[in-house]
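Hello, and welcome to this protein. Please take a look at the entry below, and then read my notes beside it.

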Amino acid sequence: MKVLKFGGTSVGTVNSLTNVKRIVEEIPGRKVVVVSALGGITDLLIATARLAVADDIAYLDSYARIVERHIAVIDGVVPESRRDATLAMVKMMLDELGNIFKGVMLLHDLSPRALDIIVSYGERLSSVIVSNAIKGATHFDSRTFIRTKEGPHGANVLDSELTNRLIEEKVCAYEWDTAVMGGFLATDAKGEVTNLGRGGSDYTAAIMAAALDADILEIWTDVDGFMTADPRVIDTAYVIDELTYTEAMELCNFGAKVIYPPTIYPVYHKNIPILVKNTFNPSAPGTRISNEPPHRKPSDKAIKGISSINDTCLVTITSLCMVGVIGVNSRIFNALTAKGVSVFLVSQAASENNTTIAVRNADADLAVRTLREEFATELATGMFNDVVAERDLATVAVVGENMKHTTGLAGKLFNTVGRNGINVIACAQGASETNISFVIERKSLRKALNVIHDSFFLSECQVLNLFLIGVGNVGRSLMQQISKQQEKLLREKNLRINVVGIASSKRGVFNRDGLDVADWRRLLDEEGIDVTPDIIRREVLNMNIFNSVFVDCTASADVAALYKDLLSHNVNVVAANKIAASGDYDVYKELKETARRKDVKYLFETNVGAGLPIINTINSLINSGDKILKIEAVVSGTLNYIFNVLAADVPLSRAVVMAKEAGYTEPDPRIDLSGKDVIRKLVILAREAGYEVSQEDVEKNLFIPEEMLAGEADEFISKVASLDEEFEKMRGDAEAAHRHFRFVASFDNGHLSVGLRSVDSDHPFYNLAGSNNVILLTTDRYMEYPMVIKGYGAGAEVTAAGVFADIISIANIR
Ligand SMILES: NC(=O)C1=CN([C@@H]2O[C@H](COP(=O)(O)OP(=O)(O)OC[C@H]3O[C@@H](n4cnc5c(N)ncnc54)[C@H](OP(=O)(O)O)[C@@H]3O)[C@@H](O)[C@H]2O)C=CC1
Ligand SMILES: N[C@@H](CC=O)C(=O)O
């Protein structure tokens with residue numbers, strides 16, 4: 001036998017009721033159908049009662065809406081042969097209800113008992129309608145067999161023994177094929193109407209399933225089942241196919257509102273499985289809850305789901321005098337119990353010098369007052385510190401029975417949230433290891449849920465959330481590459497590149513749900529806001545999104561100045577911009593240390609040699625115990641290109657324009673021509689090799705007179721033309737001597753220098769075409785034959801590819 005429960009949305013409209021009718025009528029054999037009130041009716045009943053007691057005549061309109069809703073569904077779903085009889089029955093009940101509302105208004109009295117009676121009409125009416133809509137169904141009035149008694153704090157609790165006996169007498173004793181009854185409803189020993197609490201229809205169904213030894217309890221609702229997390233927060237959340245009773249209890253007790261928590265208890269004891277199904281999508285398999293899901297494999301994920309509540313207050317009681325004293329916790333909990341304060345998380349250090357409890361914010365004042373009263377003597381004598389409440393926090397619970405077989409899970413969990421800058425204020429894990437709960441600031445809740453979902457592979461994919469700053473040569477090319485590669489990365493590597501911010505020097509567009517990079521120009525123009533570096537910083541930090549990467553494709557010192565703050569807030573930084581890594585040594589060091597401390601990345605591989613793997617190679621050599629003794633390099637794509645294209649008909653001034661047009665130069669080409677770009681790169685190389693050096697330490701043998709570099713960037717090209725003749729002569733002489741000019745950076749025995757050199761055909765720098773770069777590394781291990789890294793050293797495409805590689809390395813995929 002099956003017991004099926006249909007919630008308010010399932011019986012809310014003619015359409016949904018038609019689904020219910022089809023679902024039930026297709027089931028062969030005996031079944032029990034438990035229904036809630038029509039969707040929204042319980043709230044409407046309460047609201048109408050409140051209007052009536054307030055003498056507000058608007059209650060009549062509200063009541064009319066109740067009547068209208070019920071009549072409309074009868075017309076829509078009850079077969080014609082039973083329609084009149086159903087209408088007569090329902091109208092009679094609605095008239096009774098109308099009289100009760102009138103009485104409430106006249107008496108100006110809405111006692112809890114009267115409200116219970118009013119609310120009961122919701123399920124009484126719906127069950128009569130549904131029983132008449134379904135072919136061959138018999139209606140049972142659940143008030144006659146679901147019995148409550150008084151529990152702690154005056155609450156109604158189920159009288160299981162009596163209820164089971166009454167079910168035998170009032171339901172089992174009769175012949176029926178389909179029994180239909182209202183959920184939630186009950187009566188007490190005096191025969192007065194009570195109920196099982198909000199959500200109690202699930203409970204009624206579970207009580208019936210247990211009493212009748214049903215084969216299965218089906219909870220039909222408006223979602224496909226239990227989700228791995230709240231789908232309103234995590235768009236990659238998916239339906240969990242199987243859960244144990246414990247897992248389901250943990251999840252629904254704490255946020256997931258799929259079923260009413262007490263529902264699980266009666267069926268758990270009889271080992272009756274629960275199937276959560278969607279009335280609006282009946283073919284979806286749903287979530288099966290049972291003692292031991294039959295298909296559990298060792299490869300199953302350790303965490304089954306994540307739930308949370310954003311309404312948390314931590315109350316802490318501290319004292320050095322609590323250590324080793326028996327009975328402090330007992331006093332805390334007894335005092336809170338006496339005042340009806342519910343505690344949902346407890347954390348106490350082994351030192352016993354403090355106990356922290358989590359309560360709802362609404363209970364916080366009462367909890368603090370209660371504990372201050374309880375420990376008044378200790379507080380007055382200073383033995384105990386004052387009771388402290390921290391409000392507006394959120395609690396996250398990760399749930400899964402497989403957690404108990406997984407070593408290092410708590411470590412990974414806290415490491416994951418920590419790396420994303422989320423501070424864990426309190427935590428609790430019981431020895432059953434099925435739930436790890438922890439409390440964080442409420443503003444970090446969304447980020448925490450996302451990062452946990454992502455990191456524990458509950459999501460189908462890993463996500464990196466990118467802020468792309470700078471949409472010039474490199475930035476544009478990067479966006480093209482991302483746009484082309486996004487789908488492949490998702491398909492083959494389960495990596496989702498989500499661009500959540502794009503900015504130029506003037507405009508920025510930000511959206512945590514992701515921006516279409518192929519449409520970046522329109523987005524910036526039409527949806528962008530005016531930005532400054534400070535506004536960009538605020539947008540990034542305020543979004544507070546997990547796994548975030550700030551990608552700097554500008555040449556701006558103001559943008560570079562943001563890195564420290566971003567890294568401190570656990571935002572990864574990938575920079576094509578060389579200013580930070582080559583500027584003040586202390587700043588460079590601090591950025592690296594901040595990244596290490598915060599367990600995020602500060603990557604700038606493209607700072608030297610664009611897409612060539614130079615910095616990573618140096619890091620690998622050093623980390624494996626090698627020592628860099630000497631570096632000789634041609635690292636200016638612009639200058640190498642210029643010296644390669646100079647010809648009788650291509651003077652210096654023309655070559656500079658060509659380099660700029662090819663996208664090799666810095667936004668301001670004087671940075672290249674002055675040697676500054678090479679100086680920056682040399683400093684970065686030496687620093688990465690482990691030397692504490694600065695730009696001032698570099699000996700400079702430059703070839704552009706200082707005075708030519710002053711003034712505006714635009715004027716520079718025309719000024720350079722005055723050097724054309726001199727350069728043509730130099731070039732002619734070099735050509736005659738079969739030599740090539742190279743602008744060489746050198747680090748040798750602690751000495752740094754840059755300068756123009758002419759090299760002959762035996763020199764490794766002689767054959768270096770176009771804008772190519774070459775780096776020779778002499779190390780302890782590569783002594784006789786230095787390591788050579790050579791290839792394209794500038795250009796938007798290769799640089800963007802290097803930036804992209806840095807970004808992907810953060811996700812650590814293979
Ligand atoms: N080109 C290459 O081969 C290589 C370049 N790099 C580095 O890449 C970086 C970018 O170079 P490239 O693309 O050629 O330069 P571009 O001049 O083409 O682009 C620079 C971009 O940065 C934006 N920008 C400037 N200031 C700000 C600011 N304050 N806030 C936000 N955005 C800003 C500009 O905005 P707007 O459009 O409004 O002007 C522009 O979109 C440089 O640091 C360069 O050193 C590194 C290796 C190789
Ligand atoms: N302007 C630079 C670009 C790469 O860093 C160069 O010319 O090498």
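Here are my points, from the whole chain down to single residues.

1. A word on the basis. This is a predicted model, in which local features need pLDDT of at least 70 and side-chain atom pairs count only at pLDDT 80 or more, while totals for chains, interfaces and linings use all residues. Residues are numbered from 1 along each chain as its sequence is written, chains are lettered from A and ligands numbered from 1 in the order in which they are written, and side-chain values use heavy atoms, with hydrogens and water left out.

2. Overall form. The protein has 29 helices and 31 strands; helices (H or I, at least four residues) and strands (E, at least two) are DSSP runs numbered from the N terminus. The C-alpha trace spans about 115 × 70 × 55 Å along its principal axes. Its radius of gyration is 36 Å, whereas a compact globule of 814 residues would have one near 28 Å. That radius is taken over C-alpha atoms, and the globule rule is 2.2 Å times the number of residues to the power 0.38.

3. Of the 814 residues, 53% count as buried. Buried means under 20% relative accessible area, exposed means over 50%, and partly exposed lies in between (1.4 Å probe, protein chains only). A contact means heavy atoms within 4.5 Å. Among contacts between residues at least 6 apart in sequence, 71% join residues at least 24 apart.

4. Surface. The accessible surface comes to about 35,400 Å², and 50% of it belongs to carbon and sulfur atoms. Such areas come from the Shrake-Rupley method with a 1.4 Å probe; for residues, only the protein chains shown count as cover.

5. Cores. Which residues have the most contacts inside the largest nonpolar core? They are Ile452, Phe467, Phe550, Tyr563 and Tyr602, in a core of 106 residues. Helix α26 (residues 676-688) gives the largest share of this core, seven residues. Apart from it lies another core of 48 residues, among them Met93, Tyr121, Leu125 and Val128. A nonpolar core here is a set of buried Ala, Val, Leu, Ile, Met, Phe, Trp, Tyr and Cys residues joined through side-chain atoms within 4.5 Å.

6. Is Lys447 buried or exposed? Lys447 counts as buried because its relative accessibility is 6%. Lys447 sits in helix α14 (residues 445-455), and its contacts beyond four places in sequence include Asn420, Asn544 and His569. Lys790, by contrast, belongs to strand β31 (residues 787-792) and is partly exposed, at 43%. Beyond four places in sequence, Lys790 touches Leu612, Asn767, Leu768, Asn773 and Val774.

7. Two aspartates to check. Most residues other than glycine have a negative phi. Asp213, in the loop between α7 (200-211) and β9 (216-221), has a positive phi near 50°. Asp392, in strand β16 (residues 388-399), also has a positive phi, of about 55°. Asp213 is partly exposed at 46% relative accessibility, and Asp392 is partly exposed with a relative accessible area of 45%.
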